[in-house]
Each structure stands twice: as structure tokens, then as C-alpha cells.
Amino acid sequence: MSKGASAAALTSQGWAPQSWSARYRLRLKRRRLMWRCLRARHQLTPCADRTSDIRAQDILLVAVLRNEITRLPHFLQYYRDLGVSHFLIVDNGSTDGSTAFLATQPDVSLWETKASYRDSRFGVDWAGWLLMRYGHGHWCLTVDADEILTYPHVDQRSLHELTTWLDQQGQRAFGAMMLDMYPKGAIGAVPYVAGTDPFVQLNWFDAQGYTWERQARYRNISIRGGARKRVFFAQEPEHAPHLHKVPLVRWDRRFAYVSSTHVALPQSLNRVFDARSRLPSGVLLHSKFLGGVIAKSAEEKQRRQHFTHADRYDAYYDSLIADPDLWCADSVRYRDWQQLEALGLMTRGDWV
Amino acid sequence: MSTVGILMLVHNALERAEDVARHWTASGCPVVVHVDRNVDGATFRKFRQSLASDPLIRFCKRHRCEWGTWGIVAASQSASALMLREFSEVRHVYLSSGSCLPLRPVQELVDYLAERPRTDFIESATTADVPWTVGGLDFERFTLRFPFSWKKHRRLFDRYVDLQRWLGVKRQIPAGLVPHMGSQWWCLTRQTLSAILEDPERPTYDRYFRKVWIPDESYYQTLARQYSTNIESRSLTLSKFDFQGKPHIFYDDHLQLLRRSDCFVARKIWSRADRLYQAFLTDSDGAMKKTEPNPGKIDRIFAKAVERRTRGRPGLYMQGRFPWHWASNSVASNPYSVFQGFSELFEDFEFWLARVSGARVHGHLFAPERAELADGSHMINGGLTDSARMRDYNCDSFLTNLIWNTRGERQCFQYGPRDSQDIRYTLARDPNAQISVISGAWAVPLFRSNQNFTELRREAARLQQVEASQLNALRAQETKARVRIWTMAEFIEAPMEPLQTILDELGPLTPRHLSEAPTMVNLTGFGQFLQNLKNQGMHPYLMGDFPVEHQGPVSMSKPPRKPYLVRK
């Protein structure tokens, strides 16, 4: 929130006016990102190319992952049930059998790469290439393997209902907020059986304490908060993870994600959190704190592939490896989408 | 054969349209189908083939239909003409679309219309009387020309409208016509419909309406007024529109809602809503309910959803509704009180206030060291901690979160020029904030502290500057908070009166009359202290006039107790 800005200085959209040079710089940035995505195709080796099965109205899912064999069965099944017709997946050097598992799935097209995750902007370049090549004109959902999308009426209406409605409204994007889910007790103590719903065990979350700020550069609204900020970033809130995302977009080959799926260009795609646009929004249930996270954190700390300023996050990894308990007296137990809507974490907007 | 004929305008989801058409004919209603020219030939032929066996179904001449253009009217004209020619028993003609779904047994509709053989059901109102036009084109849709597609060439459309406005173009409305508008889904009697179609003036009317904006909402609505003897101005088709004028779509989860509406036909139905189609297309035995359609129930539910969405709950930031500075909703969800200078002037102000008011009284929530939460705790409802870094990272959120998380309990906190100033604009424009300021009281801690005078002087200058600009913000015109400002000199002259006013505002919990006052700090020598600052070239003025020899009330005498009666 810009402090003390007078109402008159802001445009009708609620943002300070942007100079043509700032807008042109954004355009250049978008072109540069498109170029990066185009280049990134050389790093991808197709393992199972079933993209000829994609039909015009299909909803596609794009993901970049590494060693996710425990989450994958539920992940694929969940999104199939929601109406995703085809999965475009980049496997970044898995060693746990994820590759073989994915290659046998009838609706998965798989690419492999051993290149650096960090150098491809944490997978965004790879995903960007697949979006550019196969996503043009489709509704595309770009998520990580530990993100499960939920939205108003999710039990009754599939993604087709949602995207058709958005089309009718002339909307090209759908916003969702990440919600860190955690168990009660030490996170290492929770058993998980592959294929089952991870949120049976990870069934607590922070319902309050989120902060919102407007970021003028890309005209997006940044949301931070949740368990990770409360426990790991209490002393440095400016480094706490962002929670706003634009995961579902009717893609055009000229679009580009800037950092993960938090921010997209052109910047009109980021308007999904605008109060007055009356759009529905969703929640990405984040299953990061499933039992395996401790071993994984130890590995990631060594690989240094996950953050731009890796040193900054050493303490974060150390506290994760220490098997912490994220639960606190104000945690709320997860029930269903109605609960998330009542808590104000998502909204149905005009989609009644 | 039934006396009700159905026109169906179809452009997609043909397999659903097929089911619905068969549902109508199964009850004896003849159906004329118009398929949009945009549907490709192969698909159309397959569709026609699948319905060819049904003797009650006809296909009319195809037109290209685009929203807002003449094609839709042309389609309904062709279909109507064919219906009237082919099926002579038909008395009422019902216009529907491929995404319409009959909610009640067809026979009920037939009976309902048979009881009203002369009534035309068509929503028809003059433009001045309808609130539902969207986009600012109400009467102008009849007086300007619209040759460009709104969907495909929006810019051209808008520019051409602007140009015509600038030129002052005004089309002549054909003599005798009074423009009316309404829902495009109507049910007309043979008499009225044939009068419209066979009018000798029809070429004139058609030529005129061809260039009217969204003619399907005005052509029949206007002309029916010419011929009908008995217009019932409502549509028998239930359809809901959102604020942009786009139809709401009904999904499987609306099943119960639609059942309760008692409407004959609803649109627009999501083509994959299997449960809805199954429930309503097979429900032939449905008990005969002689009830009037009651779309009011649905109206209320939709209105509630819209209300909740547009107004939101003030004070809770929702991700889908980031609040804007000038939004009419207040910033925080509940009233709260801010005290500036009180805890400096009184020894035990916080403790005293908590006792007499029953509110939760925090210290300086925005102090530079930490958020001084009530009772010295480090965490408060909703996992808010006292960390100054967390708070300052986004102090607006800190405040609104705190007030929301502790709703149901009045919150009070101290504020002052030493504290983080980022919050002050938020406080000033929040109508829920009740701000009481004793200006210049920041000098009291300095006066009582044990610091070198140079440091004191520097600090005093800084605090005075900060408070002066803060008071300006509070006195600004945009301020929405309830603000009271006393100079310190003014306040200590008669402290009980302002304290009483403040307590009265805190709510009914507080006692009517103050029986005990907080203890004021010893101000002996304060006047001299201020004079010393002046002598050093720093002029403290916010506290008002303090004569050097002013001793201040060292200890306040208690006000005399009111006499009271003890009742049994």
C-alpha cells in the first residue's frame, strides 16, 4: 500500500500512472523473457511426447519437478478429476523413479533435463517454452507438484466451468493464493501413503496474519504471511515468500511469467486480485511440509538451486532440517472450500 | 398437438439442444429450430439428421447470429413465420435458446398458457424506466447507428459512437413507434406475432431496427406494444444477469435453487450440467403444482452473493478484494481509540483506562522497539507478534489485522511522535478511529529524563517537528477519524472534562461519572524546563502557554462524590 498517496494522484485503476518509457521497458522485458524461453528448448529432451493428443478445447497443466514420486499419483489424479486433459512435465533429473512413472502415464508428455534449475529461472524458462509451444490459445495451469488448486464450488464445478465463465467475462487469468498447510506436531513425524490426499495429515493452516502490498512495477498485489513467515522469517519479513500467484491463464505465446507464477507479463494479467473486477479467486494448498521435506531440505541446501540469494536461506533450511512444529494455538483446521471462502482467503466473485 | 409452439435458437452444444427439442415434442409441442450459420455444414447436417425422424420438428432458414446484431431478430422472424405457417393449432409461440431448460413439466406450461389465451408474455418497458442497461447506451441505441461489431471491433464501435455524438446525429424513429426494451425471451400469441410479421410497414421497421443496438431486446418489445391487447410485461424464462449484463450460468449445484423457483424455463444452463439435464428432462411425473413462477427466491440468493462480494466485510483484507484508499468502507473493521500524550502526562494511564472502561489497552503499539501489546504479552489473537520489523513491514495490515482478530473487544492504544509515523495517514482517514491528542505532552518524559541537555534539545526539536506535521494531517480536510486535540496547557487546566468525554465515547460499559482520576505526573519545574529550551533557541509551542512559574496541579484533588441512595 503506498503510504500517504493522495487519491487524486492515482489513476482509475488505483495505480500511479506509468510513463510510456516504463511501459516500454516492461515490453522489452517481456520480449527478453520470451527469448529466454525460446532458447530454453535446447535444454529439454523429450522422453514421452504425446502432444499430438491435445485437442483445441483442452485444459493443459505445465509443471517442472524433481523427485516427487510420493506426490505424483495424487497430483495427477486430482487434476485429471478437475478437468485437466494433458500434462506437460519437465523432469529436472529425478532419481526416485518419477521419470519412469510419468513416462507411462497416457496423458503426460515428458521432457527431461539435467541443466541447472537456477539458471533456468527456477524452471520458469522451461515451463515458458512448453507454454509457448503447446499452450497458445489454451487455458494453462502452471503449478508445482506440491500445489493443489482449490476454488469456489470445486466440489461441483470443474475447471471447464471456471474457464468458460472467465472466457465469457473476457478474462484471461485466474489468481490464487498459496496456503501453507502443516500438521500438528513435528513435521517429520507424519506418515504419508503415496496416492492419498496429503491434506488429511497436513490439515492445519494460518487463517490470519496475511499482509498485502501493492507493487507498482508490475501492478500486482503481493501477499505474504502464513506459517513460513511466522516461523522462519519473523525477523526478516521482507524475505518471506510471496503467496500470490496467477497459475491459470488462457495462454498466448506472447505472454511470459516473470518470477515463478507470481507475476506475469503483460501486467494486465496481474489484475486478478483487484477488488472491483469481481473475479473469483482460488487457493493453492501447499503440501511442502509433507514428511520428506526434511531430507529434501538437506539436499536442497547442498544443491543451492532454489533461491537467488542462497546464503540468505541457509538459516531457513537449517530450521527446516531441525524438524520444527509449525502448529500454534491460532492455527485453523482445514475443512473445505466453503471454510476458505468464509475466512476471506478466496472469493467466488460474480461466479455464483 | 399442443397449442404451444417452441422456437429454439441454437448455436452450440447441439447434443443438448437435441435432448431439449425431443423433450418438447414428447409433450406434443412443435419445435422450429434455427441453427446459427456459424455452425459448420457437417455438424449441422448431422444434427438435422438426428432429429429428422420427429414429425414435430422443423428447421428454418439459417442466419448468421452475432450478439447485439440484427441476425438474431432475423432468425426469430424466419422461425416464427415457419411455425405459424406449418402448425396451425399453435396459439402461443415461445422463443427459447439452445441453452434453455424447461424446469416444470411441459403440460403445466401448456395449461398455464391455455388459461390465458389472449396474453402476451413479453418484458417491455420504456428506456427511461429500466435500470438494466449496461455501458451507458440506453436511449442512444435507438438514435445512433451501429454498423460495427461490438465484440470484434470494439474500438471502431466506440469511436463511431463518439463521432456520432459529436456530430449530433439523431436517427428518426419510425412514426408511431415508442421504443421499448426488455428480455429477448418472449412468449407471444399467434395474433400478435402474425400482426408483427405481416404488418405492411414491416420493411420500414426492419430497416430501422437493423441499425439499432441489440435489436433483439427491442424489436418485438416495441412492436408488440402496437398490436397486443394484453401485455404481461415479464418473461416466462428465468434468466439472471450479472452487473455487466452477462447472463449467469446455472450449474449442477443450482439444482435445488432452480427447483424452488417454480419457473417454466431457465437459461443459461451449462452444457455439461448432466445432473440438471437429467433431473429436469426426465421429471415427467412431477406433481402438478398450480403455482405462479417465483423467481424472487433466486433473486434473493443472487442478490445476497452480489452484496457479500461487493461490500465485503470491512476490515478484513481479502485477497480478492484489496481495499482502495478511497473506498467507502472504513479501514479497520471496528471502532478503536488512539491516545496521544495521555500516558506521558499520567502515571498509570493505561492501567486506569483498562480498569474504568473494560477495554483492552495497549501501550505504544507503534513504538520503535516493539509493539507494546497489552499486559506485556508477546503475541495476540491470530498469531500477531510484537516484532517491530514484522509490524513495520506493513503497518496498515498490522493494524487492520489486530482490530479484526480482536473483534468483539474494544481496542485502545497509545501513540506519539516517537512512534513509527507510517501509520498516521491510515489512522487519520479511518472513520473507526477515535483519536485524542494532548499536544506537546512528549516533552514530559524528556523533562523527567536524565539526559544531557544538548541531546534533550535535539530530541525535543525532532519530536515537535513530527507532531506538528502529524497534527496537520489530523486537521486536514480528508480526515475521517474522530479527532480531539488539546494543548497540554489547556488540558491540565481542567482534565476531568475531556477524560469524561473520552470515556463516554468508549461505550456503555463505562460508569456514568468518573469517580477516580489517573494520577498526573509531578510537573513542578516543567515551565522552567520549557524556558530553558527556549533559551537554547528551541521554541516549544505545541504544549501551549506555560508560564515559567506555573506549578501545575501537583496532585489532583478528587471531585466531590455525588450523594447517592442505597436501595434495597
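Which residue is the bridge partner of B:Thr237 in β12(B)? In this predicted model, the bridge partner of B:Thr237 is B:Val265. Strand β12 of chain B comprises residues 265-266, and two bridges join this strand to β11(B), the two running parallel. Both strands belong to an open sheet of three strands, ordered β5-β12-β11 in chain B, in which the pairing is mixed. The edge positions are taken by β5 (101-102) and β11 (237-238) of chain B, each of which pairs on one side only. In general, the strands of a sheet pair through backbone hydrogen bonds, in either parallel or antiparallel fashion.

Chain A contains nine helices and 15 strands. Its radius of gyration is 20 Å, close to the 20 Å that the globule rule gives for 352 residues, so chain A is as compact as a globular protein of that length. Along the principal axes, the C-alpha atoms of chain A fill a box of roughly 55 × 50 × 45 Å. Buried residues account for 48% of the 352 residues of this chain. Of the contacts in chain A between residues at least 6 apart in sequence, 73% join residues at least 24 apart.

Chain B is divided into domain 1 (4-136 + 179-285) and domain 2 (338-535). A distance of 67 Å separates the C-alpha centres of these two domains of chain B. Helix α16 of chain B, spanning residues 395-405, is mostly covered, with eleven of its eleven residues buried. Among the buried residues of α16(B) are B:Cys395, B:Phe398, B:Ile403 and B:Trp404.

The largest nonpolar core has 173 residues, and those with the most contacts inside it include A:Leu61, A:Met177, B:Leu7 and B:Ala266. Helix α4 of chain A (residues 124-135) gives the most to this core, contributing eight residues. A second, separate core of 53 residues includes B:Leu353, B:Ile403, B:Ala428 and B:Ala443. Nonpolar side chains tend to be buried together in soluble globular proteins. Leaving aside neighbours within four places in sequence, the contacts of B:Leu7 include B:Val32, B:Ala79, B:Met83 and B:Tyr94.

A:Phe289 is found in the loop between β14 (282-286) and α7 (293-303) of chain A. Because 25 other C-beta atoms lie within 10 Å, A:Phe289 counts as buried. Residues up to four places away in sequence not being counted, A:Phe289 touches A:Met181, A:Tyr182, A:Ile187, A:Leu202 and A:Leu326. A:Phe289 and A:Tyr134 stand 155 residues apart in sequence and 32 Å apart in space, C-alpha to C-alpha.

Most residues other than glycine have a negative phi, and most peptide bonds are trans. The bond from A:Leu265 to A:Pro266 is cis, with omega near 0 degrees; A:Pro266 is placed in the loop between β13 (263-265) and β14 of chain A. A cis peptide bond also links B:Arg267 to B:Lys268, with omega near 5 degrees, and B:Lys268 is found in the loop between β12 and α11 (274-281) of chain B.

A positive phi of about 55 degrees is found at A:Arg219, which is not a glycine. A:Arg219 sits in the loop between β9 (211-215) and β10 (220-224) of chain A and counts as buried, with 21 C-beta neighbours inside 10 Å. For A:Ser260, phi is positive, near 45 degrees. A:Ser260 belongs to the loop between β12 (256-259) and β13 of chain A and is partly exposed, with 18 other C-beta atoms within 10 Å.

Terms used
Residues numbered from 1 in each chain as written. Chains lettered and ligands numbered in written order. Predicted model: local features only at pLDDT ≥ 70, side-chain atom pairs only at ≥ 80, totals over all residues. Core = buried A, V, L, I, M, F, W, Y, C linked by C-beta atoms within 7 Å. Buried ≥ 20, exposed ≤ 12 C-beta atoms within 10 Å, placed from the backbone. Helix = DSSP H or I, 4+ residues; strand = E, 2+ residues; numbered from the N terminus. Contact = placed C-beta atoms within 7 Å. Rg over C-alpha atoms; globule rule 2.2 N^0.38 Å. Domains from an automatic or database assignment. Pairing = 2+ DSSP bridges.
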